[in-house]
Amino acid sequence: MYDVIIVGGGPAGLTAAIYCGRANLKTLVLEPELEGGQMAMTMEIANYPGANEDDTGMDLAMRMGKQARTFGAEFARASVESLTLDGEDKVLATTDGEYRARAVIAATGSRPHTLGIPGEEKFVSRGISYCATCDGAFYQTGDVYVIGGGNSAVEEALYLSGLGAKVHIVHRRDQLRAEAYLADLALKDENIEILWNTELKEVIGDVTADGLVLYNNKEDKSYTVKKDDKPLGIFIYVGARPRTEFLADVLELDNGYVPVDAEQRTAVPGLFAAGDIVAKKFRQVINACGEGCTAAMAVALDHVREQK
Ligand code: NAP
């Protein structure tokens, strides 16, 4: 029995763990994968206050995890399958058995959105990737197509260009969604070409991806790009979906996202949410951390009230 279980070890969960640990709460973090979540998949965290210039997302995640352990948080490698309520207790069914706690902070983040086009599923890890940090090195001497126009697509396009690849950003509109600073860098980068008003319709090949069918929606014209003697990589960054399936039985979700109040409380007493799964407008590492902190302080406050 824990005072609090934090589901998810991304920036929101790790910050919550630091604060819960410091509040002397018996704290457990459940995370099936490497700590850091989506943050750990990015090579540069340039806008996190105080981050070193050469910090990767993984560096920051490792430091956050170390800090949480210093303050007594425990960690277990487990994926949560469901959450049920037993009176005021929360019961989590996981791949590592059952865990119980008085409070739960859900901070499970998101997973990359897929395009659902022909060839996408077939060529994952065979030319298609959702993580430039993980797979970019395979294509550093080749041509890469980055699909999407948001912060993730543009950041990762810049990273791939820095590795030496010739980058083609494929964006369905005539304007990037990414913040101005990143958009300017991409527009000025001679290694990056932007294919405006263009959509990826199909990935073709035999064992590995060796061609793309693109569609220019302004000219209503489809064309095929074939792989030459250089590696061909396709990186898809078209947004993300929240990992909230395990909450669906106890909470009413808003298009998959969790509605919370100003203390990160959900509609279920003792159940909190923080980070990218929260229904909100802006998704940044810094506000994920802030929400993890707020949720942890609210849990600590409830704990003190319960002890009285
Ligand atoms: P996003 O901001 O939602 O952008 C998704 C991009 O993919 C958009 O350009 C969108 O086009 C495009 N797209 C969506 N569905 C598509 C489809 N079916 N076919 C073709 N294109 C499609 O997602 P994100 O870039 O992954 O970012 C997620 C959140 O994390 C955002 O809040 C972002 O600000 C944040 N983030 C921040 C940073 C940072 O601050 N450094 C870095 C990464 C992510 P349209 O523009 O036409 O809608």
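Notes on the source. The model is predicted, so I kept local features to pLDDT of at least 70 and side-chain atom pairs to pLDDT 80 or more, while totals for chains, interfaces and linings use all residues. Residues are numbered from 1 along each chain as its sequence is written, and side-chain values use heavy atoms, with hydrogens and water left out.

The side chain of serine 152 has an N or O atom 2.9 Å from a ligand oxygen. At glycine 150 a backbone N or O atom is 3.2 Å from an oxygen atom of the ligand. On its own the ligand has 910 Å² of accessible area, and the protein covers 75% of that (Shrake-Rupley method, 1.4 Å probe; for residues, only the protein chains shown count as cover). I then listed the 17 residues around the ligand, of which Glu155, Arg172, Arg173, Arg177 and Gln284 come nearest (near: a heavy atom within 4 Å of the molecule or strand). By class I have three nonpolar, nine polar and five charged residues in this shell. Ala, Val, Leu, Ile, Met, Phe, Trp, Tyr, Cys and Pro count as nonpolar, Asp, Glu, Lys and Arg as charged, and the others, Gly among them, as polar.

Helix α6. I checked the length of α6, residues 285-307. Its 23 residues should span 33 Å at 1.5 Å a residue, and the end C-alpha atoms are 33 Å apart, which agrees (expected span: 1.5 Å times one less than the number of residues). Helices (H or I, at least four residues) and strands (E, at least two) are DSSP runs, numbered from the N terminus. Buried residues of α6 include Ala288, Cys289, Glu291 and Gly292 (buried: under 20% relative accessible area; exposed: over 50%; partly exposed: in between; 1.4 Å probe, protein chains only). Among the elements covering the buried residues of α6, I noted β1 (2-7), α1 (11-22) and α2 (57-70).

Glycine 275. This residue is in the loop between β17 and α6. Glycine 275 is buried, at a relative accessible area of 2%. Leaving aside neighbours within four places in sequence, I found it in contact with Ala12, Lys280, Ala288 and Glu291 (contact: heavy atoms within 4.5 Å). Cysteine 289 is 14 residues away along the chain, with 7.2 Å between the two C-alpha atoms.

Threonine 108. I placed threonine 108 in the loop between β6 and β7. Its side chain reaches the backbone oxygen of arginine 243 at 2.7 Å.

Positive phi. Most residues other than glycine have a negative phi. I looked at two with a positive value. Serine 125, in the loop between β7 and β8, has a phi of about 70 degrees. Serine 125 counts as exposed at 67% relative accessibility. Asparagine 255, in the loop between β16 and β17, has a phi near 55 degrees. Asparagine 255 is also exposed, at 57%.

Notes:
Polar contact = N/O pair within 3.5 Å; in protein donor to acceptor, adjacent residues only side chain to side chain.
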